[in-house]
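Student: I would like to learn how to read a model like this one, feature by feature. Could you walk me through it?

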Amino acid sequence: MDPERYLVDVFDQLTAAGARETCVRIAAQAASELANAEGVCILSAAGDGCVVALAPREQLYVCDLRNSGLYRAASPLLRGEASGSRTLWGKEDFITLPTGEQLRIGVALIVPLQPATGHAAVGFFWQPGRTADSRGVRRLELLAKALGLAAIGWTRDEAHATRALEQQRLSADLQHRLRNNLALMRSVVRRSRETAESAEHFALHLEARVGSLGRTQGMLSTAGDAGVELEELVRTELLASAVPERSYSMQGPAVRLHAKGVESLALTVHELATNSLKFGSLAVPNGHLAVSWAVSGGQSPQLRISWVESGATIASVAPRRRGFGQELIECTLPYELGARTCLTFSPGGVLCEIEIPLEACATDVDQHAHKAARGGTR
Amino acid sequence: MASAVRERPLQGLRVLVVEDDYFIAVELCSALRAAGAEVLGPARDLETGLAAIREEPIDCGVLDINLRGQMVFQIASELRARDIPTIFATGYDASMIPEDLADTPRLEKPVDLVALCRAIEAACR
């Protein structure tokens, strides 16, 4: 065998192969042919997730080499603390394969790779009692560099594949949310019709509810996974109903709601505001609305929201039959969020107390809600 | 009598509804009741759904797939083990369904309520 000719062939094979597994197998075979190496491994900087290939086997192993002598010997090189492009290290040691099998090694050659390859180094190893001569070592260094070039390709391909999968997941999520929203919209239409007093009443309220559902989706897509502040939600809904700022007050700690919490609560605030503008404190010049919330401590923290109207003169009696808003508060919130609710029609306006297990409606409970709750009210 | 049977095609069937959205659940339940079914639930989460199928005799399960991030497949598998037909009512496409449940009838949201009743009837009779 002409080693130079053989190396050129191996370079071609590596270039054509592309995928990580194939390249590492080709390198293991070549290392055996060129310098009698037992196998090859691709080392990560942290020492975990290293890919090990043995010349005679098809199988590749992903190993945690952090406790191996090979990794310890390589780590000054991997950290850039040692100069030189290679280390020959001779000390009897072993690599533990994921199968539990222990691979005895005597000598290893470590060739660091450029950061652009996405990998820290290539290692070749020999069984105890075996090693390579200086020409063999030079050839393996060349082989390692070629493998490093191939790694640039497979790292890029793998990143593409990951992104494509992520895209697919996002589009499945989006599709799921869209369909769910359409289903929700349809049942809201149906329920609105069943609870409406007249055709005009139905059209008017339905339009407003669709508007609220639309605002909710808007808030959610802007916020992403970060969630929506309860204060922002209340303000957005009151603003949409053109409630003047002087006629209401808000008080409570910063609470970030997750998607389901936002969906259920935004429509609730919308219904309460609509009712108040028609019959309650927002319908009279001197009426006032106080929205406040607090987070209780303890084993299972609760978010307690109070909607307190005062100064109204007309909402003294409960409606004859349960309307959409009342159903939302008395049925939807308990069903969807495990809430306990109390809706009272008092002479001054509506009083509504909503108590929701914090975990059912809020994101990032420890960092946001609790810290903010301790921080007091604004 | 014949027309009465057609109008209430699910007469005598006990159908469990598992759905986490209240309004969607109410809509499904009232359509099933109108078709003559006795509705169990609705169950809003995995635990409630599992408790329902373990405690009560049922003829068919109508299941939403994603319940607040929990997948409903454990309920579907238990029903399958007991030869009780299941229908998925979901916003997800077929690729989300595990292989061993792949032949379960699937209706896409928003679910056609007439098609749902027909699917239950076909599965149970």
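Tutor: We will go from overall shape to the cores, then to a sheet, a helix, some single residues and the chain contact.
This is a predicted model, in which local features need pLDDT of at least 70 and side-chain atom pairs count only at pLDDT 80 or more, while totals for chains, interfaces and linings use all residues. Residues are numbered from 1 along each chain as its sequence is written, and chains are lettered from A and ligands numbered from 1 in the order in which they are written.

Student: What radius of gyration does chain A have, and what would a compact globule of 378 residues have?

Tutor: The radius is taken over C-alpha atoms, and the globule rule is 2.2 Å times the number of residues to the power 0.38. Chain A has 34 Å, whereas a compact globule of 378 residues would have a value near 21 Å. The C-alpha trace of chain A spans about 100 × 45 × 35 Å along its principal axes. Domain bounds, which come from an automatic or database domain assignment, divide chain A into domain 1 (3-161) and domain 2 (207-374). The centres of these two domains, taken over C-alpha atoms, are 61 Å apart.

Student: How many helices and strands does chain A have?

Tutor: Helices (H or I, at least four residues) and strands (E, at least two) are DSSP runs, numbered from the N terminus. Chain A has 10 helices and 13 strands.

Student: Which residues touch the most other members of the largest nonpolar core?

Tutor: A nonpolar core is a set of buried Ala, Val, Leu, Ile, Met, Phe, Trp, Tyr and Cys residues joined through C-beta atoms within 7 Å. A residue is buried if 20 or more other C-beta atoms lie within 10 Å of its own, exposed if 12 or fewer, and partly exposed in between, with C-beta atoms placed from the backbone. The largest core holds 49 residues, and A27(A), A31(A), V40(A), L140(A), L143(A) and L147(A) touch the most other members. Helix α2(A) gives the most to this core, with 9 residues. Two residues are in contact if their C-beta atoms, placed from the backbone, lie within 7 Å. A second, separate core of 40 residues includes V15(B), A37(B), I53(B) and L79(B).

Student: Which residues of helix α6 of chain A are buried, and what covers them?

Tutor: In α6(A) (residues 230-240), the buried residues are L230(A), L233(A), V234(A), T236(A), E237(A) and L238(A). Their cover includes α5, β8, α7 and β10 of chain A. Just after α6(A), A242(A) takes a positive phi of about 55°.

Student: Where does D83(B) lie, and is it buried or exposed?

Tutor: D83(B) is in the loop between α4 (73-81) and β6 (86-90) of chain B. Its phi is near 60°, a positive value in a residue other than glycine. D83(B) counts as exposed because it has 6 C-beta neighbours inside 10 Å. N36(A), in the loop between α2 and β1 of chain A, also is not a glycine and has a positive phi of about 60°.

Student: How many residues does each chain bring to the contact?

Tutor: Chain B brings 18 residues and chain A brings 18 residues. Helix α2(B) (residues 22-34) gives the most to the side of chain B that touches chain A, with 5 residues. That side divides into 8 nonpolar, 2 polar and 8 charged residues, where Ala, Val, Leu, Ile, Met, Phe, Trp, Tyr, Cys and Pro count as nonpolar, Asp, Glu, Lys and Arg as charged, and the others, Gly among them, as polar.
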